[in-house]
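Q: I'm new to this one. Could you pick a single residue, take a close look at it, and tell me about the chain around it too?

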Amino acid sequence: MAIIKNLAFVSSESLRRLTANCGFEYSSSSFVPSWLDIFHYFLPLRFKFLNESYAVIDNGKIYGIITLEVDDFNRKKLKISRLFLEENSVEYGELLINYVVNKFLAKGAESFYVVVDETDTKILKLFDDVCKFRIIADEYLFTLKKSDFSYDKDQSFEFIRFSKNTENKKIAELYNGLINSHQLPSFEGNEKYFKDNIFVGIKNNVSFKYVLECEKSKKIFGYFVISTKNNKDFILEAVLAPSYEIYFADIVKFARYEISKRNSGWALHIKIKSCFMNYKVLLDVMESYDFKPSKKSKILIKDLYKTIKADNSLYDKRIIFNDITPAY
């Protein structure tokens, strides 16, 4: 009979056997349990600040692991950031997903979301058809290296500066005003969303938040975040008011300049979500520089839970799902 345990209570030996049998990256993953994970497990949802992972075990063997990230600015919203399933084990994936949804709904969670590569049809089927998540938006990912985007060293970025906590209301109005009305409940950010995370050091996630401001009127017409977990792979997400989308190229150049000061061997991952009304214009800007998306994903959400049954016989191969990007 299959049982599900928080990874803090799974023996290291079981994880090592998983590594040896299937090449799962135990040592480089966030699945290494510690005393802090045990302490964190007993915290109420409103106080959680670390990722939590759960394993499904049958007859002493691990068949799947799932990881959830809590949203620092909305404790009732969780992201499924990583899912590992052994070969021919998709039924264990359904068990894991439904388990964590039930468990955290009971703790006060209100919604769960996941980002899945659209080419991974089996994982999409698992979340969409089997576990009844719904697709709410597309996410385009562009991956740039240092040599991919040149800029003029004499170029001025005087209209870009760090954001201030005192202007979070203005930033929220800009950000939320650009979201399509039917997608606003799923993507809306409150003022706390734009504040710095007090657990940055513990979570090993660093982010830098900027605004674009008109020098004369002092009007904020853009906002973007550069974040990293390893000081090598950087994530860029930006929003720009209509008619200001041309500045997206300057944001990318600025990000390239700032990142190069921190690390000489980096990769920049630019994310563009279809929930913003002018996302196609940003895609056109990237296309004008001959950049194509390295990946297109579906964003799925579940804010109501229903018990369902499904035929899982079509799933017949090992699946590793691993979203390296932070939640926002």
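A: Accessible areas come from the Shrake-Rupley method with a 1.4 Å probe, and for residues only the protein chains shown count as cover. With that, the protein chain has an accessible surface of about 16,200 Å², 51% of it belonging to carbon and sulfur atoms. Keep in mind that this is a predicted model: local features need pLDDT of at least 70, side-chain atom pairs count only at pLDDT 80 or more, and totals for chains, interfaces and linings use all residues. Residues are numbered from 1 along each chain as its sequence is written, and side-chain values use heavy atoms, leaving out hydrogens and water.

Let's zoom in on F291. You'll find F291 in the loop between α9 (279-288) and β12 (295-302); helices (H or I, at least four residues) and strands (E, at least two) are DSSP runs, numbered from the N terminus. F291 has a relative accessible area of 13%, so it counts as buried (under 20%; exposed is over 50%, partly exposed in between, with a 1.4 Å probe and protein chains only).

Now zoom back out. The protein chain has 9 helices and 13 strands, and 52% of its 328 residues count as buried. As for pLDDT, the predictor's confidence in each residue from 0 to 100, the chain averages 83, with 82% of the residues scoring at least 70. Strand β12 has the highest mean of the elements, 96, while helix α7 (residues 200-203) has the lowest, 49.
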